[in-house]
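Work through the exercises below with the model open beside you. Try each task before reading its solution.

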Amino acid sequence: MSKPKVLISDKMDPNAARIFEERGCEVDVKPGMTPDELKGVIGDYHGLAIRSSTKVTPDILDAATNLKVIGRAGIGVDNVDVPYASGKGVVVMNTPFGNSITTAEHAIAMMMALARQIPDANTRTKAGEWPKKDFMGVEVTAKTLGLIGAGNIGSIVASRAQGLRMKVIAYDPFLTEDRAIELGIEKVDLDTLLSRADFVTLHTPLTDETRNILSRERLENAKPGIRIVNCARGGLIDEVALKDCLESGQVAGAALDVFAEEPATDNPLFDAPNFICTPHLGASTTEAQVNVALQVAEQMADYLVNGGVTNALNMPSLSAEEAPKLRPYMALAEKLGSLVGQLAHGSLTKISIEREGAAAELNGKPITGAVLAGFMRRYSDTVNMVNAPYLAKERGLDVSEIRHDREGAFNTLIRVTVETSSGPRSVAGTLFGTQSPRLVEIFGIGIEAELDGDMLYVVNDDKPGFIGRIGTMLGGHGINIGTFNLGRRDAGGEAVLLLSLDEHPGAEIMTEAEKLEGVKTVKALRF
Ligand SMILES: NC(=O)C1=CN([C@@H]2O[C@H](COP(=O)(O)OP(=O)(O)OC[C@H]3O[C@@H](n4cnc5c(N)ncnc54)[C@H](O)[C@@H]3O)[C@@H](O)[C@H]2O)C=CC1
Ligand SMILES: O=C(O)C(=O)COP(=O)(O)O
């Protein structure tokens with residue numbers, strides 16, 4: 001099998017390329033490409049490793065015909081159109097912890113630089129001015145620091161600020177009281193935070209809720225003389241309002257590492273008083289860059305080589321250790337999903353996935369993802385485990401997962417049931433040995449069949465002579481039967497035949513099959 005190919009399109013620590021190669025991937029390092037250049041080459045790659053410079057837009061994703069995974073060596077993925085990538089079946093991963101200490105330290109450094117106006121003092125001193133009389137700083141000790149966002153980075157900032165003897169308060173709707181107590185911080189609402197804080201530091205992602213969270217109105221109504229630090233994302237603050245507030249003195253200083261437009265080369269804030277900035281350097285330390293490079297390469301190679309999924313934003317986790325154990329179950333689940341998807345009629349709005357025996361002990365999410373991937377293929381042939389849950393949601397499919405503790409006839413069983421206009425229709429399968437997926441029940445009829453390649457599904461009256469008739473008809477067309485699987489509800493009642501064929505039966509054969517005496521339903525299947 002040929003090696004997966006990975007493109008590193010942003011400046012990244014060389015450990016990333018080393019790990020990709022050691023883990024069996026081919027790697028190209030091409031930082032600084034234009035969007036058009038990236039679009040021109042992306043079709044060759046299975047993996048794309050990025051930081052924040054590469055913009056993974058729908059245009060790029062449309063050209064990425066072989067792409068399986070995007071790995072962000074860092075935290076924020078706002079430069080990736082994650083919903084579009086999900087729709088295309090591309091896994092998006094990040095490295096949620098590798099640069100958090102570094103970024104928290106940058107926020108503290110920015111706060112201290114702001115409190116003592118170090119950048120300006122430095123520039124003017126070096127210019128030979130010795131401007132001692134122009135500078136008067138403030139202490140941070142005993143001041144209140146307001147955190148907007150108390151996740152990984154915010155909580156590290158809190159602990160460092162407490163070391164500086166600051167009082168820390170936080171606004172974060174998802175922060176529990178218990179966690180706030182553990183961090184030794186006070187949870188407050190946003191208006192309270194802005195009315196009490198001497199320094200504010202932002203540590204949220206950029207979302208529809210957080211965009212412009214420091215709006216003109218909030219800045220104007222904040223505690224006079226507040227100082228603001230943003231090492232999270234541009235777009236969280238109204239930059240024009242911030243400039244006005246800096247000029248009026250309502251805001252005593254601001255330190256930004258991030259801007260609404262990046263690269264920021266002529267931002268109006270550059271002329272504002274008491275304004276300092278860095279060019280998105282929050283994550284730029286040797287330690288953090290080694291961490292994120294190693295981690296992103298390990299995660300992406302795990303996925304490309306072994307199917308392990310870690311830190312994906314659009315897919316449940318699956319460890320590289322779990323992956324080999326789950327793979328045969330996922331194969332079974334996908335085949336069962338595909339079977340009901342191919343056989344059930346009408347508009348299907350409900351699907352349930354039941355697991356019992358050994359299957360009940362496993363991580364259910366990948367199994368559900370695989371069922372949906374098989375099932376959703378009735379609507380689109382570009383479905384995979386990543387985009388299936390999104391497509392299912394888009395179509396309003398109600399998905400339920402049921403885990404049974406009971407012992408059944410099989411030591412492991414997956415059952416997939418869809419709700420049709422004529423009631424529930426269900427198929428079930430097991431593993432023979434530890435690896436071999438087998439169908440064991442179809443619409444209430446026991447059967448034993450491998451679901452593989454081209455197959456013919458026939459429901460017929462259980463009368464003598466039928467098997468001979470269908471065999472003769474197929475033979476007459478030169479179609480060889482690989483396996484012959486038979487089940488029936490009761491003797492003389494309804495029987496099911498599942499034949500594996502060496503080739504796909506064409507329309508002419510299907511019409512002839514439909515006309516065979518005793519046939520109730522016939523359908524060509526493909527797995
Ligand atoms: N400047 C730089 O180079 C770097 C910037 N970052 C950015 O820092 C930010 C924070 O990263 P982490 O702490 O790792 O993320 P995190 O996910 O651990 O924490 C984010 C926190 O924001 C909170 N939050 C979400 N919506 C909120 C809202 N409407 N109001 C208040 N809080 C809200 C969440 O509950 C969560 O606790 C991200 O945007 C990330 O991209 C991260 C690394 C480097
Ligand atoms: O990890 C993040 O969210 C960052 O913003 C770091 O960005 P960078 O990798 O330094 O371009």
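This is a predicted model: local features need pLDDT of at least 70, side-chain atom pairs count only at pLDDT 80 or more; totals for chains, interfaces and linings use all residues.

Residues are numbered from 1 along each chain as its sequence is written, and chains are lettered from A and ligands numbered from 1 in the order in which they are written.

**Exercise 1. Domains**

Solution. Start with the bounds, which come from an automatic or database domain assignment.

Now turn to the record. An unreviewed UniProt entry lists residues 108-282 as "domain: D-isomer specific 2-hydroxyacid dehydrogenase NAD-binding". UniProt positions are in the numbering used here, feature names are shortened, and annotations may be inferred rather than shown by experiment. In the model, residues 108-282 are 34% helix and 17% strand, with end C-alpha atoms 11 Å apart. Helices (H or I, at least four residues) and strands (E, at least two) are DSSP runs, numbered from the N terminus.

**Exercise 2. Ligand 1**

Task: Describe the shell around ligand 1.

Solution. Count first: 31 residues surround ligand 1. A residue is near a molecule if its C-beta atom, placed from the backbone, lies within 6 Å of it. The closest are Gly76, Gly149, Gly151, Phe174 and Gly282. Helix H5 (100-116) and helix H7 (152-163) are the elements that give two or more residues. H7 gives the most, with three. Domain 1 and domain 2 each supply at least three residues.

Then sort by class. Ala, Val, Leu, Ile, Met, Phe, Trp, Tyr, Cys and Pro count as nonpolar, Asp, Glu, Lys and Arg as charged, and the others, Gly among them, as polar. The shell holds 13 nonpolar, 14 polar and four charged residues.

**Exercise 3. Ligand 2**

Task: Name residues around ligand 2 and sort the shell by class.

Solution. The shell includes Arg51, Ser52, Asn99 and His280. Gly76 and Gly282 also belong to the shell around ligand 2. By class, there are two nonpolar, seven polar and one charged residues.

**Exercise 4. Helix packing**

Task: At what angle do the axes of H5 and H7 cross?

Solution. The axes, lines fitted to C-alpha atoms over the stretch in contact, come within 8 Å and cross at roughly 50°. Angles run from 0 to 180 degrees between N-to-C directions. H5 is therefore oblique to H7. Angles under 35 degrees count as roughly parallel, over 145 as roughly antiparallel, 65 to 115 as roughly perpendicular and the rest as oblique.
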